[in-house]
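Work through the exercises below with the sequence and the coordinates at hand.

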Amino acid sequence: MIMSLVRGFILLTTATSAAAAVMANDDTQDVLITDLINWLSANGSFINDKLQIRHINPDDPTSPRGVFALKPLEAGETVCNIPWDL
């Protein structure tokens, strides 16, 4: 389970960073992230609703993005699960 979590986090942050780096407009980046999350979910992935992908510094649109918990996560709670074949 931990490996699945780590793999999912790496895939999610890598894909998000790569997609965001291609686009210059921050609004477009947000759409790409939403599209990525929707695509992952439509293809059998689970991403906990307690997570948010946003700029590390929300006041600086040039800051890198990260994955943040909006609410406390319980021990053993699934954060994300992305199938290997994606």
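**Exercise 1.** Locate Ser 63 among the secondary-structure elements, and decide whether Ser 63 is buried or exposed.

*Solution.* In this predicted model, Ser 63 belongs to the loop that runs between strand S2 (51-55) and strand S3 (65-69). The next step is the relative accessible area, which is 11% for Ser 63; because buried means under 20%, Ser 63 counts as buried.

**Exercise 2.** Identify what the side chain of Ser 63 reaches, and list the residues in contact with Ser 63 once its neighbours within four places in sequence are left aside.

*Solution.* Begin with the side chain of Ser 63, which reaches the backbone oxygen of Asp 60 at 2.9 Å, a distance that falls within the 3.5 Å cut-off for a polar contact. Then, leaving aside the neighbours within four places in sequence, the contacts of Ser 63 are with His 55, Ile 56 and Asn 57.

**Exercise 3.** Determine how many aromatic pairs the structure holds, and find which residue lies over the face of Phe 68.

*Solution.* The count of aromatic pairs is zero. For the ring of Phe 68, the residue over its face is Arg 54, placed at 3.7 Å from the ring centre.

**Exercise 4.** Describe the largest pocket by its volume and its lining.

*Solution.* The volume of the largest pocket comes to about 220 Å³. Its lining is made up of 14 residues, of which Ile 33, Ile 37, Leu 51, Gln 52 and Ile 53 are the closest to the centre. Grouped by element, two or more lining residues come from each of helix H2 (26-42), S2 and S3, and H2 provides the largest share, with five residues.

Conventions:
Residues are numbered from 1 along each chain as its sequence is written. This is a predicted model: local features need pLDDT of at least 70, side-chain atom pairs count only at pLDDT 80 or more; totals for chains, interfaces and linings use all residues. Side-chain values use heavy atoms; hydrogens and water are left out. Helices (H or I, at least four residues) and strands (E, at least two) are DSSP runs, numbered from the N terminus. Buried means under 20% relative accessible area, exposed over 50%, partly exposed in between (1.4 Å probe, protein chains only). A polar contact is a pair of N or O atoms within 3.5 Å; within protein, one must be able to donate a hydrogen and the other to accept it, and residues adjacent in sequence count only if both atoms are side-chain atoms. Contact means heavy atoms within 4.5 Å. Rings of Phe, Tyr and Trp (its six-membered ring) pair if their centres lie within 6.5 Å; planes under 30 degrees apart count as stacked, over 60 as edge-to-face and the rest as tilted. A charge sits over a ring if NZ of Lys or CZ of Arg is within 6 Å of the ring centre and within 35 degrees of the ring normal. On a 1 Å grid over the protein atoms alone, a cavity is a set of points where a 1.4 Å probe fits but cannot get out, and a pocket is an open set with protein on both sides within 12 Å along at least five of seven lines; lining residues have an atom within 4 Å of a point. Grid points are joined across faces, edges and corners, and a volume is the space filled by probe spheres set on the points.
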